[in-house]
Amino acid sequence: MRVLLVEDDVTLQRGLAHVLTDAGHRAIVVGNGVYADTLLATEPFDLVVLDLGLPQMDGIMVLENLRKRRQTLPVLILSARDRTQDRVRGLDSGADDYMTKPFELSEFEARVRALLRRGQGASLRIGLLEWFWDRREAAIDARTISLSRHEVSVLEALVQNPGRIIAKDTLAHQLGVDGEVAGSNLVEVYIHRLRRKLAEARVEIRTVRGLGYRLQEIRED
């Protein structure tokens, strides 16, 4: 899963990013509210871990902007603000959970798991394609599709945002590829392979020239 970690404490950044990576997630770390707000408006994520006391833009404002855009991804607030009114304000502003600092990393891991399960459900169906979040597997008419690790990464990014354009560089980032040309070429290779494997799923991965790719159901008129 793709997690945006918004925290300006460098030591805590490193510790939480390590925990998320060890759990199999891709952690994108930022240290100020303005950058976090920009990323949330332009890139797909599965979860936001959000500090409140951020430079340039307060975490509450980042959260409120997220919900004004009608984005429903789960948000876990991490904050040293431990008064009841602070927790109430955070939850009322649209957070799904609130943890006060300091906290145990094991509890942090458990809350991340719970929010991701709640946010994704057990599976998602588009056309005849079914994606299972916990197993990171795809099936067509209950038949599991054989996918490579990189094909899983690309398909997961598209499935998370059906109907939405996903930029090619975002998919390259999912693959962990450095370099614009290398990343672009590799994404095209895996998109081509996925199109063949999804030929019977009544879905298509459409190229939106100059912008990226979009997964959508093929509807018969």
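Contact is taken here as heavy atoms within 4.5 Å. The structure is a predicted model, in which local features need pLDDT of at least 70 and side-chain atom pairs count only at pLDDT 80 or more, while totals for chains, interfaces and linings use all residues. Residues are numbered from 1 along each chain as its sequence is written, and side-chain values use heavy atoms, with hydrogens and water left out.

With residues up to four places away in sequence excluded, Leu 129 touches Leu 124, Ala 138, Ala 139, Ile 145, Leu 155, Val 159, Leu 198, Ala 201 and Val 203. A nonpolar core is a set of buried Ala, Val, Leu, Ile, Met, Phe, Trp, Tyr and Cys residues joined through side-chain atoms within 4.5 Å; buried means under 20% relative accessible area, exposed over 50%, and partly exposed in between (1.4 Å probe, protein chains only). In the largest such core, of 45 residues, Phe 108 and Leu 129 touch the most other members. The most is given to this core by helix 6 (residues 149–159), with six residues. Another core lies apart from it and has 22 residues, among them Leu 4, Phe 45, Val 48 and Leu 50.

Helices (H or I, at least four residues) and strands (E, at least two) are DSSP runs numbered from the N terminus. Axes are lines fitted to C-alpha atoms, for helices over the stretch in contact, and angles run from 0 to 180 degrees between N-to-C directions. Helix 6 packs against helix 7 (residues 168–175) at an angle of about 140°, the axes being 9 Å apart. Helix 6 is therefore oblique to helix 7 (under 35 degrees is roughly parallel, over 145 roughly antiparallel, 65 to 115 roughly perpendicular, and the rest oblique). The contact involves His 150, Ser 153, Val 154 and Ala 157 of helix 6 and Leu 171, Gln 174 and Leu 175 of helix 7.

For helix 2 (residues 33–42) and helix 3 (residues 59–68), the angle is about 15° and the axes are 9 Å apart. Helix 2 is thus roughly parallel to helix 3. Gly 33, Ala 36, Asp 37 and Leu 40 of helix 2 meet Val 62, Asn 65 and Leu 66 of helix 3.

Gly 53 is placed in the loop between strand 3 (47–51) and helix 3. Gly 53 counts as partly exposed because its relative accessibility is 39%. The C-alpha atoms of Gly 53 and Gly 33 are 9.0 Å apart, with 20 residues of separation in sequence. Not counting residues up to four places away in sequence, Gly 53 touches Asp 8, Asp 58 and Arg 81.
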